[in-house]
Amino acid sequence: MPTSILKKAVLIALILFACQFANAQTVSVPENTPPEWSAPYQPFRIVGNLYYVGTYDLACYLITTSEGNILINTGLAASADMINKNIKTLGFKPADTRILLTTQAHFDHMAAMATIQRLTGAKMMVNRGDSSVVADGGKSDYALITTFEPVKINRILKNRDTVKLGTMRLVMLNHPGHTKGSCSFLFDVKDKQRSYRVLIANMPTIVTGKKFSEIPSYTGIASDYAYTLREMKKLSFDIWLASHTSQFELHKKHKPGDKYNPKAFMDKKGYDASLKDLQLQFSNKIKEK
Ligand SMILES: [Zn+2]
């Protein structure tokens with residue numbers, strides 16, 4: 001090979017390598033994410049003006065109002081197109097999204113957020129405890145699961161702050177532990193029959209393999225989980241949803257093409273059982289000395 005071509009080839013290889021490295025620094029998606037995280041699922045109306053627009057397992061929720069829409073959670077980076085397609089399938093416009101929210105700043109709920117924010121110009125509102133992780137794309141996460149594209153934050157929320165759009169009022173509940181700012185949303189929706197109180201809950205699953213006493217970057221982790229479990233047990237609502245569909249057993253409660261049936265998601269029993277199980281996991285975890 002003549003030296004000029006060889007030089008060019010080496011240069012191209014170097015550039016490709018550098019690009020890859022630059023990418024790896026900002027966004028690193030593990031190869032072995034469960035297939036159901038990115039598998040499609042038919043979008044549907046859950047109750048009133050609340051719709052499911054997520055993947056098979058990574059729950060994303062669209063709340064429509066006369067002043068534009070609210071999107072809660074996004075799934076993996078590659079799922080942005082799927083979420084937009086789901087929104088369109090329901091007859092809404094992704095460009096009408098005004099507010100972006102997340103139940104927790106981990107890549108499986110946040111990684112498409114930056115893309116969707118660029119596309120829509122929507123305002124990202126984040127619970128205070130997750131704000132640094134959202135802004136640095138997961139680099140400062142205590143459990144550093146994996147990174148994602150950083151997202152510009154427009155408003156920092158604190159416990160019981162209200163997110164308003166049109167006639168909708170969402171109350172953000174601080175439920176830390178899973179991440180420092182994981183949170184749930186409580187709000188009312190109506191259909192022709194009645195009004196429903198909806199809880200989109202971030203269930204306090206334990207994500208770290210380390211002992212709680214060995215996490216210097218999150219010394220309050222044990223008391224945060226204890227607080228969250230205590231607070232979540234007190235909540236009352238009609239409909240319960242969560243960050244992962246597996247957590248509230250969406251696929252047992254709903255099949256693609258099912259008729260509108262909000263009652264399928266009225267499952268306080270399932271919620272209580274799930275919290276009981278999480279309480280047990282927490283109690284076992286804090287015994288690790
Ligand atoms: Zn998570």
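Two strands count as paired if DSSP finds at least two bridges between them, and strands themselves are DSSP runs (E, at least two residues), numbered from the N terminus. The model is predicted, with local features needing pLDDT of at least 70 and side-chain atom pairs counting only at pLDDT 80 or more, while totals for chains, interfaces and linings use all residues. Residues are numbered from 1 along each chain as its sequence is written, and side-chain values use heavy atoms, without hydrogens and water.

**Exercise 1.** Give the strand order of the open sheet and state which strands stand at its edges.

*Solution.* Step one: the 5 strands run in the order β8-β9-β10-β11-β12, with mixed pairing. Step two: β8 (162-165) and β12 (239-242) each have a single partner strand, so one side of each lacks a neighbour in the sheet. Step three: β12 pairs with β11 (residues 195-201) in the parallel sense over 4 bridges. Ile-200 has Leu-241 in β12 as its bridge partner.

**Exercise 2.** Locate Val-171 and list its contacts (heavy atoms within 4.5 Å).

*Solution.* Step one: Val-171 lies in β9 (residues 168-174). Step two: leaving out residues up to four places away in sequence, Val-171 touches Arg-160, Asp-161, Thr-162, Ser-184, Phe-185 and Leu-186. Step three: Phe-185 is 14 residues from Val-171 in sequence, with 5.6 Å between their C-alpha atoms.

**Exercise 3.** Identify the donors of the zinc ion (N, O and S atoms within 2.8 Å of the metal, or 3.2 Å for Na, K and Ca).

*Solution.* Step one: Gln-104 (OE1), His-106 (ND1) and His-178 (NE2) coordinate the zinc ion at 2.2 Å. Step two: the donor spacing in sequence is Q-x1-H-x71-H. Water is not among the atoms, so the site may look incomplete.
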